[in-house]
Amino acid sequence: MKMISRTALSLVFCITSCAGIAQTAPSDPQGVLLPRDSKDAAIFRGGLVFANYCVTCHGMNADGNGRAAKLYNPRPANLRTTDKPDAYISMIVKKGGEFMGRSPKMPPWGEELTDEQIHDVTSYVRSLSTKQ
């Protein structure tokens, strides 16, 4: 019984705290939310796209060592060391590896992702690159 009441109390505290944050966020000059068109917002959204579509092959660190990487030859690209321009990254995401003369195992995501999502994941990959 004590465990349930502690859990319920924690839940109520969380809800009231979150509600307080939501109510004060718009008046906060620093802002809780990023401006929609900002580079940081694109990188954030791109990270979400990457986590949903790319991480299985490219890995959490975008180094080409995802769970499925060992199944492919050639292995997925290490996106941290890419020297490709943004247009190339966007095109390979949209059209796939085979279209770009690379591995046919890299699927074309253009039918699945919007242009904005492709731009965002390109921004995310660029933010990770050590060769900016």
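Which residues in H2 meet which residues in H5?

1. This is a predicted model. In H2, the residues in question are Ala42, Ile43, Arg45, Gly46, Gly47, Val49 and Phe50. They meet Glu116, Gln117, His119, Asp120, Val121, Ser123, Tyr124 and Ser127 in H5. By class, the residues of this contact divide into 6 nonpolar, 6 polar and 3 charged.

2. Now the geometry of the two helices. H2 covers residues 39–53 and H5 covers residues 115–128. Their axes come within 7 Å and cross at roughly 100 degrees. Angles of 65 to 115 degrees count as roughly perpendicular, so H2 is roughly perpendicular to H5.

3. The whole structure holds 2 aromatic pairs. One of them joins phenylalanine 50 and tyrosine 124, with ring centres 5.3 Å apart. The planes stand at 45 degrees, so this pair is tilted. Phenylalanine 50 is in helix H2 and tyrosine 124 in helix H5, 74 residues apart. Both phenylalanine 50 and tyrosine 124 are buried.

4. Tyrosine 53 and tryptophan 109 also pair, with ring centres 5.1 Å apart. Here the planes are at 70 degrees, so the pair is edge-to-face. Tyrosine 53 belongs to helix H2, while tryptophan 109 lies in the loop between helix H4 (86–95) and H5. The pair therefore ties together parts that are 56 residues apart in sequence. Tyrosine 53 has 27% relative accessibility, so it counts as partly exposed.

5. Two lysines deserve a check against aromatic rings. The charged end of lysine 84 sits over the ring of tyrosine 88, 5.3 Å from the ring centre. For lysine 95, the charged end sits over the ring of phenylalanine 99, 5.5 Å from its centre.

Methods:
Residues are numbered from 1 along each chain as its sequence is written. This is a predicted model: local features need pLDDT of at least 70, side-chain atom pairs count only at pLDDT 80 or more; totals for chains, interfaces and linings use all residues. Side-chain values use heavy atoms; hydrogens and water are left out. Axes are lines fitted to C-alpha atoms, for helices over the stretch in contact, and angles run from 0 to 180 degrees between N-to-C directions. Helices (H or I, at least four residues) and strands (E, at least two) are DSSP runs, numbered from the N terminus. Angles under 35 degrees count as roughly parallel, over 145 as roughly antiparallel, 65 to 115 as roughly perpendicular and the rest as oblique. Contact means heavy atoms within 4.5 Å. Ala, Val, Leu, Ile, Met, Phe, Trp, Tyr, Cys and Pro count as nonpolar, Asp, Glu, Lys and Arg as charged, and the others, Gly among them, as polar. Rings of Phe, Tyr and Trp (its six-membered ring) pair if their centres lie within 6.5 Å; planes under 30 degrees apart count as stacked, over 60 as edge-to-face and the rest as tilted. Buried means under 20% relative accessible area, exposed over 50%, partly exposed in between (1.4 Å probe, protein chains only). A charge sits over a ring if NZ of Lys or CZ of Arg is within 6 Å of the ring centre and within 35 degrees of the ring normal.
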